[in-house]
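Please read it alongside the sequence and coordinates shown here.

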Amino acid sequence: MASTGKSTTTLDDSRRATGSPKMKARAENAKDTLCRNVTIYGRCRYEDKGCAFNHDPHKVNSYADRKRLNVDSPSFTPTLLSSNGSSPTIASATMKKTATISPKAANAAPFQPRGISSRSNSSTPTTRQGTMTPDWSVAEVQEFVPQGFDGSHMASLQGNGTSTIPTTTAFDPFVTSPNPLSAANAVGPVQANPFTHDTAAALGGAAFFANQSGFQQPVQYHMYAPIGPHSQNTLGYQRNVHDLFLPNDFREELQKKAAATLQTLPNTQLPAQVDYFHSLVPLDLNHQKNAAIFGYPSWVYKAQSSKDGNFYALRRLEGFRLTNEKAIRSVQAWKRVCSGSVVTVHDAFTSRSFQDSSLIFVTDYHPLSKTLAEQHLGAGNRFTGRQNTHIPEQILWSYMTQLGNALKAIHSNGLAARIIDASKILLTGKNRIRLSACAILDVVQFDTQRSVADLQRQDLVNFGQLIVTLGANSPSVMHNPTKAMEHFTRAYSPQLKNSVFWLLNGLQKDQDRNIDIFITGISSQLMSTFDSALHLDDQLTSDLSRELENGRLVRLMTKLNLVNERPEYEHDRQWAENGERYFLKIFRDYVFHQVDAQGDPVVDLGHVLTCLNKLDAGSDEKVTLVSRDEQSCFVVSYKELKKALESSFQALLKPSAGRRIH
């Protein structure tokens with residue numbers, strides 16, 4: 001206590017002798033400050049008349065260097081800390097007091113913080129001679145270069161040749177420390193090393209992505225993640241809001257198909273009910289009766305089932321009378337045929353709803369589909385004399401592989417297609433075809449005595465004739481087979497010609513001919529078609545991923561609108577304005593009702609999607625909400641808003657007091 005009082009008295013005396021500390025500091029600053037007259041005019045006329053500022057620029061620099069490198073200044077001196085967070089030992093504290101910094105340090109490399117000692121007993125730095133030399137050797141100090149971190153390597157900082165700082169774990173601010181204690185003592189937040197090529201490995205294997213700001217952030221499940229393939233590489237500013245949804249062409253196609261499915265025909269003369277089907281709409285473009293294919297005039301309708309509500313295609317054979325009950329039972333075998341290249345058959349029955357005896361076949365309905373005859377042969381066109389375009393060979397190979405797939409599925413079930421005609425093959429998508437009108441001749445010509453093997457070989461011949469007809473772009477080309485094959489040979493490759501020749505000779509008994517042998521012969525083209533199907537699958541998956549978030553956000557917005565500004569709940573008119581519901585109301589204004597500096601509404605879909613995604617994810621990010629009268633301001637996190645929304649929505653689901661009584 002006595003020593004303390006003595007020191008205090010001495011300090012007071014020194015202050016009285018030197019004057020005010022503020023005046024002393026101002027005088028020292030004036031002495032070290034270059035006079036403005038020297039800077040502006042080159043000299044000061046008051047230099048010899050009491051000007052307190054310095055008039056020699058060289059002295060100013062020396063003063064600044066001496067002041068910056070003054071040993072008495074509170075400059076930062078890095079020391080080694082123990083790994084367990086304990087205080088430095090007495091030896092290290094003494095060394096810190098006695099060590100001085102040489103003026104050579106002015107040209108030293110930037111400060112490089114060293115790692116933390118790996119053992120608690122190594123907190124006191126030692127050297128080879130037992131003392132630490134404070135002078136720095138500028139020539140041996142290397143520039144700091146961020147690099148990958150390896151805990152097994154130890155780095156050391158060499159002194160002036162007579163001493164060495166003990167080797168410690170190198171500290172890299174871009175790399176996380178495996179030691180939790182060391183990580184707790186690290187300087188600043190840990191970030192990813194932007195100079196390394198393997199950022200994920202440097203961050204412990206975690207997956208990261210770069211946002212538009214250039215920072216590394218962990219992947220969040222509520223963010224939009226485009227799935228490949230990508231048609232082109234675009235930068236962030238080149239993208240637009242359409243990239244978050246289905247492509248416009250694909251969306252338009254789906255909407256047209258939906259509209260065609262829901263289309264009705266008012267004031268029609270068709271029967272209102274055909275067995276368990278209703279809302280019939282004719283699908284035939286040609287209103288003339290044609291009995292060339294089935295032997296009976298046939299018509300196709302779209303109808304809705306009253307059993308499951310789905311839409312089906314009804315093919316009606318006009319004037320057919322069923323004479324054998326087993327004939328219609330043969331349709332049961334066609335229900336087992338499951339192939340993507342065959343229109344599925346569901347049922348067959350007779351009906352008198354059309355004021356006659358009709359046979360009805362129920363199949364799948366593919367909206368806006370065309371037949372190959374309408375697409376390539378000009379059937380049903382309003383403009384006569386239209387010049388049909390030549391079918392490229394690759395498309396023709398695609399048709400052959402798909403029809404081969406259909407015939408393989410049919411023949412494997414012990415059946416025969418019997419009808420392979422361009423007017424009975426549907427084009428349901430881009431180069432996507434399906435064989436239809438199956439099972440009809442099995443019922444109509446049930447009494448025909450012909451083996452299944454012969455019918456299957458006839459399928460091969462009909463298959464070859466179809467390809468020749470499509471290649472010649474003429475429905476009557478097979479009336480002159482020799483001329484048709486000459487044209488086909490000139491237009492297409494020898495491989496395609498040989499494949500068609502093999503099909504046309506399907507009825508010959510010189511060798512065994514079946515669909516499996518044919519598929520083996522065109523295996524190279526099968527791989528090309530299969531590759532195209534894989535690319536289409538990838539594209540559809542990529543388009544579908546864009547709509548992944550939409551259903552979730554619609555449910556979230558539904559909850560918000562069920563809670564926000566509800567007029568009354570449980571006889572409380574202020575229920576939506578009190579408590580946590582008030583936060584949700586202000587949050588709704590923050591998301592949807594923002595205005596810019598000019599007072600115009602902010603119509604930014606990106607802002608809306610970002611806020612809703614963060615709300616659904618329950619992010620810890622905080623948002624500032626201001627009331628409409630600007631009298632209240634709240635700072636809440638998305639996590640708190642999500643909790644408030646869930647609790648408010650659950651309150652709406654609980655039974656009321658009246659219902660609980662009953």
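## Ser 423

In this predicted model, Ser 423 is partly exposed, because its relative accessible area is 26%, a value that falls between the 20% limit for buried and the 50% limit for exposed. Ser 423 belongs to the loop that runs between α12 (393-412) and β12 (425-429).

Leaving aside residues up to four places away in sequence, Ser 423 touches Thr 371 and Ala 373. The side chain of Ser 423 is also joined to that of Asp 421 by a polar contact of 2.5 Å.

## Tyr 365

Tyr 365 is located in the loop between β10 (358-364) and β11 (370-371). With a relative accessible area of 14%, Tyr 365 counts as buried, since the limit for that class is under 20%.

When residues up to four places away in sequence are not counted, the contacts of Tyr 365 are Ala 260, Thr 261, Leu 283, Lys 302, Phe 311, Tyr 312 and Ala 313.

## The annotated binding site

Both Tyr 365 and Ser 423 are listed under the feature "binding site" in the UniProt record, an unreviewed entry.

In the model, the chain over residues 524-562 is 92% helix and 0% strand, and its end C-alpha atoms lie 59 Å apart.

Note on methods: Residues are numbered from 1 along each chain as its sequence is written. This is a predicted model: local features need pLDDT of at least 70, side-chain atom pairs count only at pLDDT 80 or more; totals for chains, interfaces and linings use all residues. Side-chain values use heavy atoms; hydrogens and water are left out. UniProt positions are given in the numbering used here, feature names are shortened, and annotations may be inferred rather than shown by experiment. Helices (H or I, at least four residues) and strands (E, at least two) are DSSP runs, numbered from the N terminus. Buried means under 20% relative accessible area, exposed over 50%, partly exposed in between (1.4 Å probe, protein chains only). Contact means heavy atoms within 4.5 Å. A polar contact is a pair of N or O atoms within 3.5 Å; within protein, one must be able to donate a hydrogen and the other to accept it, and residues adjacent in sequence count only if both atoms are side-chain atoms.
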